[in-house]
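Please keep the sequence and the structure in view while reading.

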Amino acid sequence: MKVRQISVFLENKSGRLLEVCQCLARENVNIRALSIAETADYGVLRLIVDDPGRALGTLSKEKFTVSETEVIAVEVPDEPGGMAGVLAPLYSANVNIEYIYCFVEKSGESAIVVFRVEQLDQAIKALQNGGYKVMREEDVYRI
Amino acid sequence: MEYFNSVEVMERGKLDDLKLERLGASVDRLYDKVSFYKEKLEEVGFKPGDVTSLEDLKDLPFTYKEDLRDNYPFGLFSVPMRDVVRIHASSGTTGKPTVVGYTSGDIEVWADLVARTIVASGGNPDDVVQVAYGYGLFTGGLGLHYGVEMLGATALPMSGGNTKRQIRMMVDFGSTILCCTPSYALNITEVMQEMGVKRDEIKLKSGILGAEPWSDEMRVQIEENLKISAHDIYGLSEVVGPGVSIECGEKHGLHVFEDCFIAEVIDPRTGEVLPAGEPGELVFTNINKQALSLLRYRTRDITRLIEEPCPCGRTHIRMERVTGRTDDMLIIRGVNVFPSQVETVLMQIPGVSPYYKLVVDRVDNLDILEVQVEVSSEVFSDEIKRLEQLEKRIGDEVQSYLGLGVKVRLMEPRSIQRSEGKAVRVADNRKI
C-alpha cells in the first residue's frame with residue numbers, strides 16, 4: 001500500500017531540474033507524478049517513478065542529494081466534494097498531512113492524489129475504512 | 001623513536017643559554033650585514049654586544065611583511081647571493097611576492113627541523129611519506145621533502161592535486177604518512193570513497209597537516225574518516241617554512257623549536273609583550289639562520305604560549321594551534337570572525353559536511369555574512385520544514401558562538417570548491 005517517493009535537493013540554479021530529468025531519461029525511468037516545494041535558495045523535487053530503485057541509483061551516482069520516503073496514493077473521485085470526502089476520514093483518524101500532490105493522469109473516473117503523512121498505517125486504514133481505494137505499489141508504478 | 005635531535009629535550013636552563021648566545025650573535029650579525037636592520041637598530045639605540053639577556057629582545061624593532069616587500073627581492077638577505085642555494089617565494093596574491101633565501105647550511109637546519117616534526121608525529125625511518133604539499137616556490141613540498149630524506153624515511157614527492165593518482169600511489173606504494181593541508185586531506189578521503197578504495201587497502205597511520213588554520217573538530221573528522229593520527233604542523237616561509245612547530249603525541253599545543261626561533265606573543269595594537277598564556281599576535285625571531293634572518297617578525301597569527309612542561313619530554317615551549325590570522329579575520333558589523341570559529345560550530349552539528357564557505361556582502365550599508373553549507377543525504381529531508389529547521393539550527397548555533405546573526409544557505413553536495421592546497425573559505429564581496 002505504501003509507495004516509494006524519491007526526493008531530490010535542488011539549488012535554485014538554472015538547468016538543475018533539467019539535469020535531474022535528463023539523468024532519469026538516460027536510465028529510461030518514467031516519471032509518474034512530481035511536485036516541487038521551493039524556498040528562496042533551494043527546492044525539493046519529489047517524484048513518483050516507475051522504477052524507484054533505478055532512479056535512486058542513478059541520481060546518487062550523479063551526486064544528487066536524494067532520499068526516499070514512503071507515501072500513499074489514493075483514488076479520489078473526480079467530482080465536486082471528492083477531495084473533501086477523502087480528507088474527512090484522515091481528519092477523524094488524527095492523521096497529519098505534510099503535503100499532497102496529484103498524478104497527471106487519471107485512473108478511470110478518479111484522480112490520483114499522493115499523500116505524505118506522519119502516520120502512514122493509520123492513514124491507510126482510515127482511508128480504506130472510508131471506502132477509498134489506496135493504490136498498491138506496483139499499480140502506481142504501472143500507471 | 002622518541003625524538004630526532006637531542007636538542008629537543010635539552011634541559012631548560014641550557015636551552016635558554018643557547019638561545020641567548022644565538023640571539024646576541026644573530027642581532028650583531030644583522031647590524032653588521034643588513035643596512036635595513038642597522039638603521040632600525042640604531043633608531044632604538046642598539047649597539048653590537050648590547051643583548052645580554054633574553055629580556056632585551058622586547059626592546060628590539062619589529063619586522064613586518066611590508067618590510068620584505070619594500071626590500072624586494074633580496075634586500076634583507078644577510079649573505080652574498082653566491083652563498084644562497086635556494087629561493088622560495090609566497091604567491092604574492094596580495095601584492096609583490098615575499099622572497100626568502102637559504103644557504104646550504106640553512107637547508108640542512110631546515111631539514112633537521114622537519115625531520116623532528118615527522119618523528120614527533122610518530123614517524124621513523126621505515127615510513128613512506130607522501131608529500132602532497134605543492135612543490136615549487138611554495139615552501140611546503142620541498143620543505144617536507146628534505147626533512148623526510150634527513151630522517152632517512154622514503155619520500156614520495158607527489159606535490160598537490162591529481163587526487164586519484166595520489167590515492168592509487170598511496171595504495172600501491174603503501175604510504176604511511178600523508179603531508180598536505182587539512183582541507184586537502186578531507187578531499188582525498190572523499191575521492192577515496194568515490195573510487196571505492198577501502199580503508200584496509202591503505203597503510204596510512206598519520207598525517208602532518210598544516211599551511212592553513214583548522215579546528216580541533218576538523219581534526220576529529222579527519223582522524224575518524226582516515227583512521228589516522230592527525231598532527232598540526234606550523235611554519236611560514238618568512239621564518240623558514242614548515243617545521244617551526246609541531247604537535248607531539250599529546251596534541252596539546254605545538255612545540256616551537258626554540259634553538260632556532262624565539263617566539264613571543266604581543267598585543268597587536270600596542271606591540272607590548274603579553275604574559276605567557278595570554279592570546280595575542282605571534283612574533284618570531286630567527287636565531288639560527290644565515291641567508292635571511294628576521295628580527296621579531298610579526299606573523300599576524302593569533303595564538304598563546306604554553307610554558308608548562310609537556311609530558312612528551314620535549315622541553316621546548318608550546319604554542320596553541322593557530323585558529324586564525326589577523327589577515328583572515330573578517331570584521332562584520334563590528335564583530336571579529338575567523339573562519340575556523342564557524343568551522344568549529346559546523347563540525348558539531350551531526351550530518352553537516354566539513355565543506356563550507358563564508359560569503360560577505362554589503363547590502364544597504366549593512367554587512368551580511370552568508371554561511372554556505374553542503375546538504376548531505378544524511379540530513380536531507382523531503383520536507384521543507386526539516387531543512388528550514390536545519391538552517392535555523394546552524395544559524396542559531398553560529399549566532400550563539402559568534403554573537404552575530406548570519407544567513408545560512410544550503411548547497412548541493414560538491415558545489416563548494418574542493419581544495420588541493422590551501423582552502424579558500426572566504427569570499428568578501430564588500431565594496432568599501
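Helix H4 of chain B, residues 104–120, contains 17 residues and reaches 25 Å from its first C-alpha to its last, close to the 24 Å expected at 1.5 Å a residue, where the expected span is 1.5 Å times one less than the number of residues. Helices (H or I, at least four residues) and strands (E, at least two) are DSSP runs numbered from the N terminus. The model is predicted: local features need pLDDT of at least 70 and side-chain atom pairs count only at pLDDT 80 or more, while totals for chains, interfaces and linings use all residues. Residues are numbered from 1 along each chain as its sequence is written, and chains are lettered from A and ligands numbered from 1 in the order in which they are written.

H4(B) is mostly covered, with 12 of its 17 residues buried; a residue is buried if 20 or more other C-beta atoms, placed from the backbone, lie within 10 Å of its own. Among them are Asp106(B), Trp110(B) and Arg116(B). Just after H4(B), Gly122(B) takes a positive phi of about 100°.

Chain B as a whole has 10 helices and 21 strands. Its radius of gyration, taken over C-alpha atoms, is 22 Å, close to the 22 Å that the globule rule gives for 432 residues, so chain B is as compact as a globular protein of that length. That rule is 2.2 Å times the number of residues to the power 0.38. Buried residues make up 47% of the 432 residues in chain B.
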